[in-house]
Amino acid sequence: MKKKQLVTMIVLTVIAALLIAAFFYVANMYNQKGLALIEQWDKAYEYNGKLLLSEDRSEALRVWAMGQTSFDPVPLTQVDLTEFGFEGKKFSYYRVEVPQENGTKKIFLYTPEPELEGFWPVLKPERLIYTDEKGARYCIHPSEKLCYPMFSDSIKEVDPYGKDVLAFSENGSYAIGMTGDRVTVYHTDPTDDSLRVVDVKTVSFKKYKSVSFGAFVSDTMAYFKTAQGYVALDCTNGKLADSKLDKKGEYSQPICRLYAQRLDVKEEDKNRAVWSHLLLGTERKTPVLTDYSSFEIRAVSPGGKYIAMLAEGKTKEIMVSTEKRAFSLNSVLEKGMKVQRVDFVYENLIYVTLTDSAGKTLSRCYKVCF
C-alpha cells in the first residue's frame with residue numbers, strides 16, 4: 001500500500017507541476033501578446049470617424065470587422081452640379097453598402113469634407129445636400145434632375161434654405177440650428193424620409209456663456225460646450241441637462257468626441273490615466289503603472305473600453321490600455337519606428353501612422369487581444 005501511495009503521490013506531483021508550468025506558460029504568452037498585426041500599408045491614411053481616407057481623397061478604405069477583418073476600397077464619386085444651377089461645382093462622396101439581416105443593403109454616403117459631417121445622416125444616392133456660397137442649402141436629386149430648398153414644404157416659420165442648420169441627428173429625425181445663444185430644434189416629418197419640418201422648438205442658452213454646438217450622440221440627443229461645462233439637449237422636449245462631470249474637476253479637450261481625460265487625478269491615481277464620459281461623467285482608470293508618472297490620452301475606442309496614450313517616465317511610449325491591463329505599442333514595433341498618430345477604427349482595432357528609421361511613412365492596423 002505504501003508503494004502504491006508513493007507512486008500516486010509522485011504522479012499527482014508531476015501533474016501539478018505540469019499544470020503550474022502550463023499556467024505560467026499561458027500567462028507569459030498572454031503578457032507578451034497584446035496586439036496582433038492585421039494589415040500594413042506603405043502610406044498613411046486619415047481617419048474621419050467612418051473611413052480611412054487617402055491623402056489625395058481619391059479613395060477611402062472601409063473597415064469591416066464582422067467575422068474576418070477586411071479593408072475594402074471605396075472610390076470617390078463626384079456629381080457635376082452645373083446642370084442644377086451651380087456652375088463648375090461638384091458634390092463628392094464615398095458610398096458604403098452595409099448588408100442587413102433581411103438580405104438587403106443599407107447605403108451610407110460620407111463626404112471627404114469634415115465640415116459636412118453633420119449632414120451625413122440625411123445623405124443618400126438619390127438625395128444630396130448642397131450648400132451654396134451664401135449658405136443656402138438645397139436637396140439635389142441627380143437621377144430625377146431636381147433641385148429645391150432643403151426644407152421645402154415645411155411649416156411657415158421655417159427658413160426653407162436652412163441656413164442656420166449645423167447637423168442632423170442619427171436617423172435624420174431632428175436638425176439643430178443655432179444663432180447666437182438661441183438654438184432651434186427642427187423635427188422632420190416622421191411619416192416619410194423627406195426633410196419637411198413639421199415642428200420647431202426654440203431653446204435659450206442665455207444663462208450659459210460661450211456656447212458652441214458639440215455633436216449629436218443619438219437620434220434625439222445632442223450636446224453643447226459652454227463656459228460652464230457640457231450641456232445635453234433632449235430634442236424631443238427641448239429640455240437641457242448639465243453634464244455629470246465633476247464641476248470642480250479639470251479635464252482635457254474632448255477626445256474622440258465623447259470622452260475627456262481627467263487631469264486633476266487623486267493622489268492614489270497618480271500612476272494611472274483616467275478618462276470620463278463627457279455627459280454621463282462615468283470614470284474609467286488604467287491599472288497602476290508605477291514606471292510612468294504622466295499620461296496623455298490620444299484616442300478612446302467608440303465604446304470607451306480601450307484607450308491609446310502616451311505614457312512618460314524613465315521611458316516614453318504609446319500604450320494601449322483597459323481598466324485591467326496595459327500593453328506597450330512600442331514593444332511590437334521595429335527599432336527606429338516612431339508613432340505619429342493612433343486612432344480606434346473599431347472597438348478593438350487601432351490604426352497607427354508610423355515613420356521608420358529612414359523617415360519613411362507607413363501605417364498599420366492592430367487588433368487588441370485583451
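Good morning. The lining of the second largest pocket in this predicted model divides into 5 nonpolar, 7 polar and 4 charged residues. In this classification, Ala, Val, Leu, Ile, Met, Phe, Trp, Tyr, Cys and Pro count as nonpolar, Asp, Glu, Lys and Arg as charged, and the others, Gly among them, as polar.

Two remarks on method are needed. Residues are numbered from 1 along each chain as its sequence is written, and side-chain values use heavy atoms, with hydrogens and water left out. Because the model is predicted, local features need pLDDT of at least 70 and side-chain atom pairs count only at pLDDT 80 or more, while totals for chains, interfaces and linings use all residues.

The second largest pocket has a volume of about 300 Å³. On a 1 Å grid over the protein atoms alone, a pocket is an open set of points where a 1.4 Å probe fits, with protein on both sides within 12 Å along at least five of seven lines; lining residues have an atom within 4 Å of a point. Grid points are joined across faces, edges and corners, and the volume is the space filled by probe spheres set on the points. Of the 16 lining residues, Gln228, Gly229, Tyr230, Leu245 and Tyr251 are the closest to the pocket centre. Strands S16 (221-226) and S17 (229-234) are the elements that give two or more residues to this lining, and the largest share, 3 residues, comes from S17. Strands here are DSSP runs (E, at least two residues), numbered from the N terminus.

Where do S16 and S17 sit in their sheet? They belong to an open, antiparallel sheet of 4 strands in the order S15-S16-S17-S18. Two strands pair if DSSP finds at least two bridges between them. The edge strands, S15 (212-216) and S18 (239-242), each pair on one side only. S16 and S17 are joined by 6 bridges, and Lys225 stands opposite Tyr230 in S17.

A separate antiparallel pair consists of S11 (residues 165-168) and S12 (residues 174-179), joined by 3 bridges. Phe168 has Ala175 in S12 as its bridge partner. Their hairpin has 5 residues between the strands, and Gly172 takes a positive phi near 75° there.

Finally, how many disulfides does the structure hold? The number is 0, where a disulfide is a pair of cysteine sulfur atoms within 2.5 Å. For Cys139, the nearest cysteine sulfur, that of Cys147, is 8.6 Å away. Cys139 is buried (under 20% relative accessible area), at 2%. Thank you.

Terms used. Buried means under 20% relative accessible area, exposed over 50%, partly exposed in between (1.4 Å probe, protein chains only).
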